[in-house]
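Reader: I am new to this structure and would like to learn how to read it one feature at a time. Could we go slowly, taking the general idea before the particular case?

Author: Gladly; let us look at it together.

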Amino acid sequence: MYISGIGRTKFGKLDMTLHEMMVESVQKALDDSKTDLKNIDAIFVSNNLSGLNQGQLHLNSLLATILKLDIPIIRVESTCASGGVTFYNSLFSLSKFDNILVLGVEKMSALSSKELSTNIGTTSDKKLDQKQGFIFPAGAAMIIERYEKKFGNVMDELALISLKNHNNGNLNKNAHFFGKEVNLEKIKNSKKLVGKLRLYDCSPVSDGSVSIVVSKNKKDKRSVKIKSCEMSTGPISLSLNPGTSMPAVKKAAKRALDAADMKITDIDVIEIHDGYTIVELITMEDLGLCKPGKAPGMIRKGKTKLKGAIPVNTDGGLKANGHPIGATGLAQIYELVTQIRGEAGKRQVKAKTGLAHNIGGMVGSCVVTVLEGN
Ligand code: COA
């Protein structure tokens, strides 16, 4: 299985409808793959919030209307892991089809903070979390508290993660925060949202769309091989998160690396789902980049920077590239393909292999994908 084309919109507060964003990313991916729409056998659509945010469900049929198609189009939802779970699902269809398109889209910016938090909150457990008003930033603050209790202070290292990702995002013209000047002082002095969690520890509210063309056979030398794509699920309630490690992440990563017949040390570049900076830090440990409690040391030594031993979130991650929920998991794949092809410009790292980690909740769904170039 190969990725033969990628396309995306810019991420951020966009003056574009769901419809316009989908059309732009689809057209760009088809152009990149040099594939005509008539050669696409099926489409898989990733989206989380359009029912609540725009009052528009049935995006698969909407897309059929827009693109004048009658092929199978299937919509998948799995909160922030929607992109990864859609990609995972889509690959099974290659036993039947030759070329498929995987599309992610989300429109978040037109809502008030309160409305959006309520809508995002519906992805957590209704009885245990929503009833208590327990939302994701509070979950992230809770993990910071637990991590610090176990391993010591970590806020300086979280600021370094935020700075790294903003610096990388400033090399990515499609990133939500491209062009925004950010320094350590700004990060450390940013407003506290809950507990120790600062504004600059959070991903922003973004709009955007990404499309990926996947083919059964290798098309040309820009095609990137899908070595593996594996998934694990876990409890939905944030209150059932055991603390400083996420079991579903460990399981999905082990399954994906085993299926690719690789070790984490064989990976050249990683996209981590840094919805919150603390998630990037604990995921470094869950992926086996270091032992529990050792990620802060790796961060201080700059090991995950562009020039470090294992670059993480070269596109700016969710923190600076942005987090249009339904498109995020596919944006990670877009970045790995760009790096592996050697087309990442100023943020290019040496990469033959790449790994994407996409999670929903903390952590109810996790998909880990391993890609390899020629
Ligand atoms: N990081 C850095 N700066 C941010 C930011 C973020 N995450 N979110 C907003 N800003 C900046 C804006 O760019 C704006 O800057 P400016 O004044 O220089 O233009 C300023 O903060 C105010 O923006 P606004 O949109 O009013 O922010 P807000 O206070 O309404 O929202 C959050 C901030 C953190 C609450 C919001 O970004 C959020 O909810 N993020 C999490 C989204 C989420 O839950 N995703 C899914 C789960 S991972």
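Reader: In what order do the nine strands of the open sheet stand?

Author: A general idea comes before the case: strands of a sheet pair through backbone hydrogen bonds, either parallel or antiparallel. In this model, which is predicted, the open sheet of nine strands reads E3-E2-E4-E7-E1-E8-E11-E10-E9, and its pairing is mixed. At the edges stand strand E3 (73–76) and E9, each of which pairs on one side only. If direction is ignored, neighbouring strands of this sheet are turned against each other by 25° on average.

Reader: In which sense do E2 and E4 pair, parallel or antiparallel? And in which sense do E4 and E7 pair?

Author: E2 and E4 pair in the parallel sense, over five bridges, and within E4 it is leucine 101 that stands opposite isoleucine 43. E4 and E7, by contrast, pair in the antiparallel sense, over eight bridges, with isoleucine 212 of E7 as the bridge partner of valine 102.

Reader: How many of the residues of E4 are buried, and which residues lie on one side and which on the other?

Author: E4 is mostly covered, with eight of its eight residues buried. Asn99, Leu101, Leu103 and Val105 lie on one side, while Ile100, Val102, Gly104 and Glu106 lie on the other, and both faces are covered.

Reader: How many bridges join strand E1 to strand E8, and how many join E8 to strand E11?

Author: Strand E1 (residues 2–8) is joined to strand E8 (residues 224–233) by two bridges, the strands running antiparallel, and isoleucine 3 has valine 224 of E8 as its bridge partner. E8 and strand E11 (residues 365–372) also run antiparallel, joined by eight bridges; here isoleucine 226 stands opposite leucine 371 of E11. Further along, eight bridges join E10 to E11, again antiparallel, and histidine 357 finds its bridge partner in valine 368 of E11.

Reader: Which strands does helix H13 lie across, and which does H10 lie across?

Author: Helix H13 (residues 325–341) lies across E1, strand E2 (42–46), strand E4 (99–106), strand E7 (208–215), E8, E9, E10 and E11, and runs at about 115° to E1. H10 lies across E9 and E10, running at about 130° to E9.

Reader: At what angle do helix H6 and helix H10 pack, and how far apart are their axes?

Author: In general, two packed helices are described by the angle between their axes and the distance between the axes. Helix H6 (residues 136–151) and helix H10 (residues 277–286) pack at about 55°, their axes being 10 Å apart. That angle makes H6 oblique to H10, and the crossing of the two is left-handed. On the H6 side the contact is made by Ala140, Ile143, Ile144 and Tyr147, and on the H10 side by Ile278, Leu281, Ile282 and Glu285.

Reader: What covers the buried residues of H10?

Author: H10 is mostly covered, ten of its ten residues being buried. The elements that cover its buried residues include H6, helix H7 (155–169), helix H9 (247–260), strand E9 (269–272), helix H11 (295–300) and strand E10 (353–360). H10 is followed by glycine 288, whose phi is positive, near 90°.

Reader: Why does lysine 173 count as exposed, and where is its place?

Author: Residues over 50% relative accessible area are called exposed, so lysine 173, at 60% relative accessibility, counts as exposed. The place of lysine 173 is in the loop between H7 and helix H8 (184–188). Leaving aside residues up to four places away in sequence, lysine 173 touches Lys10 and Phe178. Its C-alpha atom is separated by 9.4 Å from that of aspartate 315, although lysine 173 and aspartate 315 are 142 residues apart along the chain.

Methods:
Residues are numbered from 1 along each chain as its sequence is written. This is a predicted model: local features need pLDDT of at least 70, side-chain atom pairs count only at pLDDT 80 or more; totals for chains, interfaces and linings use all residues. Side-chain values use heavy atoms; hydrogens and water are left out. Axes are lines fitted to C-alpha atoms, for helices over the stretch in contact, and angles run from 0 to 180 degrees between N-to-C directions. Helices (H or I, at least four residues) and strands (E, at least two) are DSSP runs, numbered from the N terminus. Angles under 35 degrees count as roughly parallel, over 145 as roughly antiparallel, 65 to 115 as roughly perpendicular and the rest as oblique. A crossing is left-handed if the near helix is turned anticlockwise from the far one by less than a right angle, and right-handed if clockwise. Contact means heavy atoms within 4.5 Å. Buried means under 20% relative accessible area, exposed over 50%, partly exposed in between (1.4 Å probe, protein chains only). Two strands pair if DSSP finds at least two bridges between them.
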